Amino acid sequence: MPALKKIALTITSAALLSVCAVSPASAADKDKTDDKQPKPTAPMSKVGGEQLGQAGIQVRLGPGAPVLPKKLTARSWIVADAESGQVLAANNSHWRLPPASTLKMLFADTLLTQPELLPKSKEHKVTGPELADVGEGSSLVGIKEDHTYSVHDLWLGVFLRSGNDSVHVLSSMYGGVPKAVAAMQKHAEELQALDTTVVSPDGYDSPKQVSSAYDLTLFARSGLQKPDFREYAATASSSFPGEKKKGKKRETFEIQNTNRLMTGDIGVDPYRGIAGVKNGYTTHAGNTFTGVAERDGRVLLVTVMNPSSDESHAVYKEAANLLDWGFAASGKVTPIGELVPPKSVDTGAGKGAQPASGANTAEQDKKNAKAVAAGAGSSGVGIALAIVGGLLLMLSAAVFLVNRRWPLPDLVRRLPRR
């Protein structure tokens, strides 16, 4: 491909804010790799804004705004403000791609919408059929047939080890895999995550199973409204029940979160202010990741899907670079779109969409907010019951707001380094 011609333009600040621009460094990088990168083969959704439906990097740089990071190789990515929902920059954010285990965010958000159905203390003895359909080569936490686990244990298996065995057992307790899949699809539609088609609850590669960086970010933002979701997503390590041998005390073993921006790894430092959310990998999806982090009171969400870089842990490095850019660009870019609210709290942007069956009303959201606020300060465990700025809650019929009473616990700020 011929090199991009350098064109000098003099424009006013006001004009600059209205221009969709690729940063100069990113443009050069993009020129070198465009001929190798796959591109969306169908028109993309425009949910959240017209510009989000356009292919390629979308950003509106204002005066003093930093350029986008170099060497962004992901097929799709998005950076958004978790509080306001403003999308700061994106690349093919509505491209429908295999999601891998990041789809477990939707699984968790769906089931935790009704926590009374699967209370944390409830115990369950696992049967063989519940594990029979776990896909070959799946990530596993190590669930054993004829052993008993609490719902709390099983959720730790989902979030920390991305255990498909935990997902299948929880699905069975919920009423079966087909019921869980149907509930996930319905919940995705309620969230206006219209790029998503759910086939398996665990994100295992399946024909037609797709999502998008935009939708995965919606799932994370919705899940983070829930204290249990926040706790599990921000847990770096935990003990897990092991084998029970006759006449002996049941064994336990340690499990560690596979999110390398939380726990670190060779070549990857823990990201300051990170509080989850979920990573994934399959053959068809490549590496996928959605994360939430705080800096100086600002909370950002980032999703990165399928980097082509051969660099080790590229998905985490590109996500970290995008978060750094987002924090540095605060107040210096014009949003290119928004993370839409669920249908049930849409006051008009959804073009007449009606609340989904069973969805909370705005009044119920206010009641829930008060109930959570009353108990969050004394929850005891000190693991991200508040996403850095505070408790993410739906406090009005139009937008997601943040109650800033509870800062992110030091436990999450000081994650272990290897």
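A residue counts as buried under 20% relative accessible area, as exposed over 50%, and as partly exposed in between. I applied this definition to a predicted model.

Entry 1, salt bridges. I searched the whole structure and found 10 salt bridges. I then looked up several of them.

I noted Lys 46 as partly exposed because its relative accessible area is 47%. Glu 50, at 52%, counts as exposed.

Arg 96 lies in the loop between β3 and α3, and Asp 195 in the loop between α7 and α8, so the pair ties together parts that are 99 residues apart in sequence. I recorded Asp 195 as buried, at 1% relative accessible area, and Arg 96 as partly exposed, at 48%.

Arg 295 is buried at 18%, whereas Asp 324 is partly exposed at 32%.

I found Lys 120, Asp 228 and Glu 231 linked by salt bridges.

Entry 6, helices α3 and α7. Their axes come within 9 Å and cross at roughly 95°, which means that α3 is roughly perpendicular to α7. By class, I listed six nonpolar, two polar and one charged residues in this contact. Among them are Leu 106 and Phe 107 in α3, and Met 184 and His 187 in α7.

Key
Residues numbered from 1 in each chain as written. Predicted model: local features only at pLDDT ≥ 70, side-chain atom pairs only at ≥ 80, totals over all residues. Heavy atoms only, no water. Axes fitted to C-alpha atoms, helices over the stretch in contact; angles between N-to-C directions. Helix = DSSP H or I, 4+ residues; strand = E, 2+ residues; numbered from the N terminus. Parallel < 35°, antiparallel > 145°, perpendicular 65-115°, else oblique. Contact = heavy atoms within 4.5 Å. Nonpolar A, V, L, I, M, F, W, Y, C, P; charged D, E, K, R; others polar. Salt bridge = Lys/Arg side-chain N within 4 Å of Asp/Glu carboxyl O. Buried < 20%, exposed > 50% of the residue type's maximum accessible area, 1.4 Å probe, protein only.
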